[in-house]
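This briefing concerns contacts within and between chains. Please consult the sequence and the structure shown below before reading on.

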Amino acid sequence: MPEIEIDGIVTQAPDGATIMEVAEQLGVYIPHFCYHKKLSIAANCRMCLVQVEKAPKPVPACATPATNGMKVFTHSPLAAKAQQGVMEFLLINHPLDCPICDQGGECQLQDLAVGYGMGASRYQEEKRVVFHKEAGPLVSMQEMSRCIHCTRCVRFGQEIAGVMELGMVNRTMHSEIVTFLGRSIDSELSGNMIDLCPVGALTSKPFRFAARAWELSRLPSISPHDSVGANLTVQTLANRVMRVLPRENEAVNECWISDRDRFSYEGVNSPERLTRPQIRVDGKLREVDWSVALDYVAHGLRDIVNTHGADEIAALAAPWSTLEEMHLLQKLVRGLGSGNVDFRPRRMDFAPSGVPAGARWLGMRIAELNELDTALVVGSFVRKDIPLFAQRLRQAAKHNGTRVTLISLGNDDPLMSMHEHVVVAPSELPAALARVVKAAALQCRVPVPAGLEAIVPDIPSEAIATSLRVRGRSMIFLGRVAVQHPHAVQIHVLAQHLSDITGAKIGFFSDAGNIVGGYLSGALPSARNAHSMFTDPRCAYVLLGLEPELDCHNPQLALAALRQADLRVVLSPFVSETMREYADVLLPVTPFTETSGTFVNAEGRVQSFKGVVRPLGDSRPAWKVLRVLGNLLELEGFNQDSSEEVRDAVLPPASLKDGQFASGLDNCIKLPIDAAALVPAKGILERVADVPIYFSDPLVRRAPALQKTNDAQAPTARMSSRTLAQAGVVAGSLVRLRQESLAGSASGAGEAMLTAVLDDGVPDGCIRVSAGHPSTAALGAMFGAISVEAV
Amino acid sequence: MAILGSINPILTAGLDGDRSWRLADYVARGGYSALRRIIAERTTPEQIIAEVKKSVLRGRGGAGFPTGLKWSFMPRTLPGDKYLICNSDEGEPGTFKDRDLLRYNPHAVIEGMVIAGYAIGATRGFNYIHGEIWELYQRFEDALAEARAEGLVGKHILGGDFTFELFAHHGYGAYICGEETALLESIEGKKGQPRFKPPFPASFGLYGKPTTINNTETLASVPFILNMGGDAFLAAGKANNGGPKLFSVSGHVERPGNYEVPMGTPFATLLEMAGGVRGGRKLKGVIPGGSSSPVLSAELMMDCTMDYDSIAKAGSMLGSGAVIVMDETTCMVKALERLSYFYYEESCGQCTPCREGTGWLYKIIQRIENGLGRPEDLDLLSSITGNIMGRTICALGDAASMPVQSFLKHFRDEFAYHIEHGRCLVPREVQRAGSGFFTASA
Amino acid sequence: MQNSLMLTPELIARIDREIAKYPVEQKQSAVMAALAIAQEAAGWLSPEAIEAVASYLEMSPVAALEVATFYNMYDLKPVGRHKLTVCTNLPCMLSGGMHALEYLQEKLGIGLDETTPDGKFTLKQGECMGACGDAPVLLVNNRHMCCSMTPAEIDRLLAELD
Ligand SMILES: Cc1cc2nc3c(=O)[nH]c(=O)nc-3n(C[C@H](O)[C@H](O)[C@H](O)COP(=O)(O)O)c2cc1C
Ligand code: SF4
Ligand code: FES
């Protein structure tokens, strides 16, 4: 470790560290623009020039390695003159109209110009003008004259997002940042470029000129959208959320957030917000006072219990509900005597009762993703399902040589270097994993698990098995598709065998923000689960925070069950047309920005947060609504004064590891392999259903800017050229898609009309039709047979 | 032909213009004998490097760095790919020697590259050829094909166990790609933007692999060094300035062209070889080492000998050996304006002082030339150059600044006159006539 | 699909020869050559051509655009049948490079960066071409260098080019 001295402070520098890094550790600030700790070193802005003893010229601190005996002066006359000179150059062509700039007040250039600039400008020539550009609905490129060419945005694309959408074209002072032909920036991480831009060149389109930075309050929060649990800073003004920014947490989201985390706040202010309780009177929904609505619910539920039995009540919570909400909901249902409660609406296959299910989690800490030697990801559209996990794997593959393998249902580019990428039809997913299990067993010379007799490994499965066996840290991750698969349990069982054989551990890439919290909250069924509560319809349903027609495994099945019920109680921040059709009671509860609560992320990190604005209209935090309901129903244990009290009852502080990680997480499953699950479907067209990133929950679905992105385009029926030919339909034409009802159920069938699109990335014999969108809500299950015909 | 004269020629000895560039001609001149001997005698790389060190061959690309020393930085025994790059991106205004080497003696470059590749343990080499001399890029491809066919390049060269693939890569119009790390970026298929050093190419070069970059003339000298011995090559020049050197003489001389003379030859001799100042007019100033080197007044220049040390003593640099001669018909403001435009136009746009500073310099000088100068402009120009020099990623920042500083130093009065009178000391017609364009015979 | 429209098999074959110069995983190294080949075929580099080259070399289109806009000899707008690039840098200027350019402007009746109405000539100013001994020089269509230009030489050249 070299010993170096900066401004008189002597310190040990880590090997290979630059002057900038050492200074940062010491808390010595060296001005900079292009340097960013997460990006490669460009050393192009030259703002960080410092003096080094014996060096004839000032050196850039960001790029100069600290060497033994080095003496650095960051404020000496030489350094100051160099910094001042650079600042003058940066400003000569930069507009000096901070008061009208959107970045005013939070501009690094503005800040540093004050500290390091000179008074008057010596530049008398004409200033450069750079034309504004169009780059899609999220990132504004209206003020490109302000660009200081630090290339942070370009490097972000290349290095972090994995796709170079921005480039700096031309040379000389005419260099400018562009997208190719003015195309939109489509990366799901694009908003981070806005944060990275040290000036007002790249700004947030939704936020542009909405407020001045210094007027805003900044409050911490947690993103509900995926299981990263990204730490947020929410900025508010006059009780309105104005902007969401990442709150740095190296162990969770580093300094990044996905665009979904960033721009979903717009949905909070959606015109579809439900602000007054409503009950159905004479067939019509009427606004009523809370007390009336809650009385209605309490009586309704009591009536059902009394006349039909408690087992006729079912409750389903969205997996983005808080721990407290889910806990009180299940407590309510159980208090009434029912065991029909769940929080996994997109799941259909559950382990038989009696098989203990631990809280399914990542199987490790998030930060460890970067250190893996091998990662096998099964059944995930990983980049769009959990953008920041994909980002970590991308860095891992690049900097750590991690072998990343994907077994998935489409060839969506994960934008990282892949060890293997196997694309299979949904019904072949278990078999594809089984091949890896068998290959691993044969390679390790251990007995092949029973049930795999008919399985024959192929070249990719051999390679994957080998990669998992190689010494080091290996993980098998089960993604959204694996969990929502009709053979989800068998996939898990196969993964368990693979884990037993290779020593790789199992983890879950859960999509929604509070899956782990759901398990811990106790909202697990002791009778009917999220699927069977619809296949075996009940008299009363209580829904929390979801839209079944968009958020359930089989929207039509769910809707049919709801339609036949006698009482439908909906606790939701939003109201939709469909909801108005079936709901008997609409209770306006608040989104995450208006309530306190807790999300437990994939790694089991317990993250509590507070509301950042007051509830809109008459809406109330759901945990409070459920508590009052519990009291009205005269149930035990509904007297908490705060959400913290609820949380502490579920997760006693003493039970937390390191004060922040939940215990009781367990991915183990012990069940025999069922050879029947390993037989791919024959003679049918299968549906491949992804849940596109901006259709994934009610909040994002109502965020206008996100809905304008390319990722939010309405679903189509995507097929390979073979499938198109087989089905006798033409790409570009309108087709009718049809799904049959579930075996043993009279409901769950449906039809939709979509445009057929050629996509050779879809496995042959499959049609990719996204879920989560109104245009496909009329279809049936996310998996299984689907038919297509020309219209 | 544009090699118009020589004293004790080595690199250009026996050349017969466009008629003698082929392999057979080169072999007839003794070409490839050094390579054959190395392969046959299994000369060790250390021996070759020692010989080159002895010759005190200094890089002909401009910086004059000792070639043998540079080669010894290569981690020769490190496993994996290593590269040798020949820098034929000759774009420094005034320099046109590499063009003539590629034109008349391409096989000397190839042989030099193969030997250098052998000495530094390279597996593959590229010759990066200036885009505008496309015809010579194609000629080099032809010469390479000849060499490949003879087993002089490629797998198991001359039946030995040395394998070295060699290819031509053309530029497409960017001066900055002459800078060695910009050149590497360019070969990697990117914009030619210089890299910050360290790391140096010898440890992190092309594709992140150890790489050595040498100028065309440097590499072309190598076979001759090995044939005549390092000592003899050194003796052909002057102490600390080994060998002969090609000087590109351009501007106001009777016979602009390349001249191969021993290092240390008096400038006066070189000027005389070039036919003296055009039309017998009076010498005003000389840029002795390519446009980036500081201009010298006629008096200072006439006292110089053509070698690194003498020119440095006079306050300039031998650089690439491009001698730009300016006579009394030259408007020094206009000359500087044109040079400043060049650096502004060729800045890669990457680092702030160069991107912004070169444009600023140019705009001010242009204003002065257009009669809109202000008294404070000259101090401002000095101050701006001071803020560019030593603050940039690559030496282009210095290269853009030194002309400004030196023109102001040696011809300040002319700039002051421009500012004061809004016009030039040298009447327009005189300037116009000075170029000889309208009077030249076809 | 897209690149087969823009890049004919002949062009692909030429590009493949360039790709072969570089290590297998370094296809992108051939981008300068591939862009030059595409430009030679079409007379200029359209955005479609740039994208076709990018996709053939498996690089992002904006990265190819960076290259195409960085190097002077790529033409991102259509040019005349003969693009004449006159060097006006100092050494050429001392021997009449600027005058040669003015002379051409007058003869062709166009300004810098303009094309004659018949689409025959485009006039460009160039930087040092490494041929200062033959000043003034000009480059025809990026390929052929004409040396020691005089008014008479220029007249002859213009007459020869059709
Ligand atoms: C702006 C700039 C332009 C350069 N142009 C050239 C050039 O055209 N040819 C060249 O050989 N070296 C050029 N160089 C020098 C190279 O960076 C490098 O030092 C040289 O090729 C090394 O070869 P040598 O050691 O044989 O001289 C240039 C340097 C700079 C900073
Ligand atoms: S000094 Fe100029 S040419 Fe060199 S890296 Fe900086 S901007 Fe580019
Ligand atoms: S921060 Fe070091 S050069 Fe920009």
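A salt bridge is a side-chain nitrogen of Lys or Arg within 4 Å of a carboxyl oxygen of Asp or Glu. The model is predicted. By this definition, no salt bridges are counted between domain 1 of chain B and domain 3 of chain B, whereas the rule finds five across the interface of chain B and chain C.

**Domains of chain B**
- The domain assignment divides chain B into domain 1 (5–236), domain 2 (244–327) and domain 3 (332–430).
- In the contact between domain 1 and domain 3 of chain B, domain 1 supplies 12 residues and domain 3 supplies nine residues.
- The C-alpha centres of these two domains are 35 Å apart.
- Domain 1 and domain 3 of chain B bury about 850 Å² between them, with 69% given by carbon and sulfur atoms.
- Three residue pairs are in polar contact between domain 1 and domain 3 of chain B.
- The side of domain 1 that touches domain 3 of chain B comprises six nonpolar, three polar and three charged residues.

**Interface of chain B and chain C**
- Contact involves 69 residues of chain B and 57 residues of chain C.
- The buried area is about 4800 Å², and carbon and sulfur atoms give 60% of this area.
- On the chain B side, B:Y172, B:R338 and B:F437 lose the most area to chain C, together 20% of what that side buries.

**Polar and charged pairs between chain B and chain C**
- A salt bridge joins B:R99 to C:D134, with the closest N and O atoms 2.9 Å apart.
- Polar contact links 23 residue pairs between chain B and chain C.
- Helix α14 (residues 332–346) of chain B gives the most to the side that touches chain C, with eight residues.
- By class, the side of chain B that touches chain C has 31 nonpolar, 21 polar and 17 charged residues.

Technical notes: Residues are numbered from 1 along each chain as its sequence is written. Chains are lettered from A and ligands numbered from 1 in the order in which they are written. This is a predicted model: local features need pLDDT of at least 70, side-chain atom pairs count only at pLDDT 80 or more; totals for chains, interfaces and linings use all residues. Side-chain values use heavy atoms; hydrogens and water are left out. Domain bounds come from an automatic or database domain assignment. Contact means heavy atoms within 4.5 Å. Buried area is the accessible area (1.4 Å probe) that two parts lose on being put together, summed over both. A polar contact is a pair of N or O atoms within 3.5 Å; within protein, one must be able to donate a hydrogen and the other to accept it, and residues adjacent in sequence count only if both atoms are side-chain atoms. Ala, Val, Leu, Ile, Met, Phe, Trp, Tyr, Cys and Pro count as nonpolar, Asp, Glu, Lys and Arg as charged, and the others, Gly among them, as polar. Helices (H or I, at least four residues) and strands (E, at least two) are DSSP runs, numbered from the N terminus.
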